[in-house]
Amino acid sequence: MTDFDATRALFHLPDGVIYLDGNSLGPLPRATSARLARTVEQEWGEMVITGWNRAGWMAMPRALGDRIGRLIGAEPGSTILGDTLSIKIYQALAAALQMRPDRRVILSDSGNFPTDLYMAEGLIETLGQGHRLVTVAPEEVADHITEEVAVLMLTEVDYRTGRRHDMPALTRAAHDAGALAIWDLAHSAGALPVDVAGGGADFAAGCTYKYLNAGPGGPAFIYVAPRHADTVRPALSGWLGHAAPFDFDLAYRPGAGVERMRVGTPPVLQMAALEASLDIWDRVDMTALRRRSIALTELFIAEVEARCPMLALASPRDPERRGSQVSFRFAEGYAAMQALIARGVIGDFRAPDIMRFGIAPLYVGEEDIRRAAEILGHVMETRAWDDPAYRARAAVT
Ligand SMILES: *Cc1c(COP(=O)(O)O)cnc(C)c1O
């Protein structure tokens, strides 16, 4: 069991704020500042370059990968950190396409996050082998898994609506058709139990700055199924993915297993921040987290629907079919969210009309949910959002 009052006490939450945006950027764990200061002062400051060995910096991508691996059901030694999620998607896709040389279709859906689709487009151009990206409606994915498909590339939990794909079933369908499956876990890792090994995923990737609370710019992770890890060909063949980086060979030889998915120098300070956050995650039981997430999302939907008839639920009503966020549609959603933020309830907005609320049980409780729904109810009832000041769009929405 996990004591969620205890985990909440481990986070710094700004005064007077109800934070429902941990699906975009997780809040600061209280231990992070001291952990960062230690890395900066005692490791970088005192050890200088010897920190790579003495402080174990070089081994961190793999060690932290295993700790994330527990949260996503990965086999030990199959998950590694580095770069950004966009880059990890590119790596996974390049490797998977090479494993299906006689097929040309990458199947994805319109609920995927644009960067995944953009990275696929860029890779297709670079390869110049006539691959095609086919993007269908989320509910039609299963019908489009044909023997032309090389790779099924999906995000498990839709970033806008929170709709959750059936990962094991779609992976099985892909395999039955001779295709491979890549899963983006951006809104899954730390949001709900994931079982990449049990579900048969070939590749998976995710970020650490959302539910995993590693801070802005936290490194991404990539999972490669052990059955592929020693044979995949890394498209981004950087020196730290080499079998022996410090031999400084002129020719590239891929490293053992998932090590080959490393590219260049790892972000040590960001990994130190992630380490502080994983100290909390190590104590979390994902089944308990999921139970609590469902209770809180159900409560939020009920409270908001009771007060705000003008908001339309955009998330699936069945909790089994959604992640740990709740979204509502409202034509003036951007202004409404700004009005809400001005009143201390932080969610965010995704064009054209989605108001998103991330509900992370580690630091969000029932009281927060009731209070947030009350404030939202007030904003909607009084049309407090109907003010030009709330319509001015910032660069990040
Ligand atoms: C947040 C998110 C990303 C972001 O990718 P970065 O390279 O880390 O900026 C990618 N995919 C999905 C599904 C996301 O939600």
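In this predicted model, a polar side-chain atom of serine 86 lies 2.6 Å from an oxygen atom of the ligand. Such a pair is a polar contact, that is, two N or O atoms within 3.5 Å. An N or O atom in the side chain of tyrosine 209 is 2.7 Å from an oxygen atom of the ligand, and one in the side chain of aspartate 184 is 2.9 Å from a nitrogen atom of the ligand. The ligand taken alone exposes 390 Å², of which the protein buries 86% (accessible areas by the Shrake-Rupley method with a 1.4 Å probe).

The model is predicted, with local features requiring pLDDT of at least 70 and side-chain atom pairs pLDDT 80 or more, while totals for chains, interfaces and linings use all residues. Residues are numbered from 1 along each chain as its sequence is written, and side-chain values use heavy atoms, without hydrogens and water.

The shell around the ligand, defined by a heavy atom within 4 Å, includes Thr84, Phe113, Asp116, His187 and Lys210. By class, the shell residues comprise four nonpolar, five polar and three charged; here Asp, Glu, Lys and Arg count as charged, Ala, Val, Leu, Ile, Met, Phe, Trp, Tyr, Cys and Pro as nonpolar, and the others, Gly among them, as polar. Two or more shell residues come from each of helix H5 (85-99) and helix H6 (114-127). Helices (H or I, at least four residues) and strands (E, at least two) are DSSP runs numbered from the N terminus.

The protein chain contains 14 helices and 15 strands. Its radius of gyration, taken over C-alpha atoms, is 22 Å, close to the 21 Å given by the globule rule for 397 residues, so the chain is as compact as a globular protein of that length. The rule is 2.2 Å times the number of residues to the power 0.38. The C-alpha trace spans about 70 × 55 × 40 Å along its principal axes.

Two backbone features lie in loops. The peptide bond from alanine 351 to proline 352 is cis, with omega near 0°, and proline 352 lies between strand E14 (348-350) and strand E15 (354-358). Phenylalanine 248, although not a glycine, has a positive phi of about 50°; this residue lies in the loop between helix H9 (226-229) and helix H10 (268-281).

How values were computed: Polar contact = N/O pair within 3.5 Å; in protein donor to acceptor, adjacent residues only side chain to side chain.
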